[in-house]
Amino acid sequence: MTRVRLSVAERRQELLRAAIEQIAARGVAAVRIADVAAALGVSNALVLYHFSTKEKLVAEAFRYAAGDDLAHLRKLLGRRTTALRRLRAAVRWYAPTGQAKGWRLWIEGWAAALREPVLREVTRDLDEQWKAAITEVIAEGVTAGEFSCPDPKAAALRLTALLDGLAVQMTAYEGAVPRTRAQEWADEALAREVGLDREALTAATR
C-alpha cells in the first residue's frame, strides 16, 4: 500500500506517537529504534534521520506526551474563577484518582532518567513546568487573600511530591491505596498547604 507523503513536522509527530506506544508496551530499556520503525512500516534509517539516537527519540517522545497534559493544566488554571477553585480542579485532575493520563509512562521515564542524561533533562524541565504552574496559582490565591501560605514554591513541591508518590503506589501496586482514600489525602494536603481546613476547602469549591 502506498504511504501518504508527510511533511517533516507530520512525520516527526507520527514517529513520536509510535514511540510512545512502543515505550508503553515494552518499557524504555527494551524499546528499540527497530520497534518504532516496524510499527509504522518504515526503515530504521528514517527514524534515525529525524532522531539521531534512541535516547533523543525517547526524550522527545516524553516531551510530546506531556504537551497535551501541560496544555490542559494551564487551561484549568487560567479559568475566570477563584484561585481555590482553579487549584483544586488542577490537583484533582493531576492526582492518580483524576483523569490525567500517562502515569505508567511517567514512572518509566523517571526510572530511565536515572541513567540517561538526555531524558533526565527533559523530565526535569517538564516537572519544573508543572510545579511552576501550581506555584503561580497558589501565589495568586495568597495575593487575593484566599490563602495563607508563606512559601508557595515549597507548597507546590510538597503537594506534587505527594501526588507523584500516590501515583507510583496506585500504578505499581493495584489496590495498595483505595482511590477514595487517595482523594481524601490529596484534599487534606491541599487544605493544609493553603491554610484552610478540609470543610472550608470543600464548601468553597462546591
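Predicted model: local features only at pLDDT ≥ 70, side-chain atom pairs only at ≥ 80, totals over all residues.

User: Okay, start with helix 6 and helix 7: at what angle do they pack?

Analyst: Helix 6, which covers residues 103-113, packs against helix 7, residues 117-143, at an angle of about 130°, and their axes are 8 Å apart. Because angles over 145 degrees would be needed for roughly antiparallel, helix 6 counts as oblique to helix 7.

User: And which residues make that contact?

Analyst: From helix 6 the contact takes Trp106, Gly109, Ala112 and Ala113, while helix 7 contributes Leu119, Arg120, Thr123, Leu126 and Trp130. Sorted by class, the residues of this contact of helix 6 with helix 7 are six nonpolar, two polar and one charged.

User: Which hand does the crossing of helix 6 and helix 7 have, left or right?

Analyst: The crossing of helix 6 and helix 7 is left-handed.

User: Now helix 5 against helix 7, how do the axes cross?

Analyst: The axes of helix 5, residues 83-94, and helix 7 come within 9 Å of each other and cross at roughly 155°, so helix 5 is roughly antiparallel to helix 7. Helix 5 passes helix 7 in a left-handed crossing.

User: What meets what there, between helix 5 and helix 7?

Analyst: On the helix 5 side you find Ala83, Arg86, Leu87, Ala90, Trp93 and Tyr94, and they meet Trp130, Ile134, Val137, Ile138, Glu140 and Gly141 in helix 7. The contact of helix 5 with helix 7 comprises nine nonpolar residues, one polar residue and two charged ones. Trp130 of helix 7 is listed here, and Trp130 is also named in the contact with helix 6.

User: Switching topic: how many cavities of 30 Å³ or more are there?

Analyst: The count comes to two cavities of 30 Å³ or more, and the second largest cavity has a volume of about 40 Å³.

User: What lines that second largest cavity?

Analyst: The second largest cavity is lined by Ala19, Ile23, Val31, Arg32, Ile33, Val36, Lys54, Leu57 and Val58. Helix 1 (8-26), helix 2 (33-40) and helix 4 (54-77) are the elements that give two or more residues to this lining, and the largest share, three residues, comes from helix 4.

User: And how does the lining of the second largest cavity divide by class?

Analyst: The lining of the second largest cavity divides into seven nonpolar residues, no polar ones and two charged ones.

How values were computed. Residues numbered from 1 in each chain as written. Heavy atoms only, no water. Axes fitted to C-alpha atoms, helices over the stretch in contact; angles between N-to-C directions. Helix = DSSP H or I, 4+ residues; strand = E, 2+ residues; numbered from the N terminus. Parallel < 35°, antiparallel > 145°, perpendicular 65-115°, else oblique. Left-handed = near helix turned anticlockwise from the far one by under 90°. Contact = heavy atoms within 4.5 Å. Nonpolar A, V, L, I, M, F, W, Y, C, P; charged D, E, K, R; others polar. 1 Å grid on protein atoms, 1.4 Å probe; cavity = no way out; pocket = protein on both sides within 12 Å on 5 of 7 lines; lining within 4 Å. Points joined across faces, edges and corners; volume = space filled by probe spheres on them.
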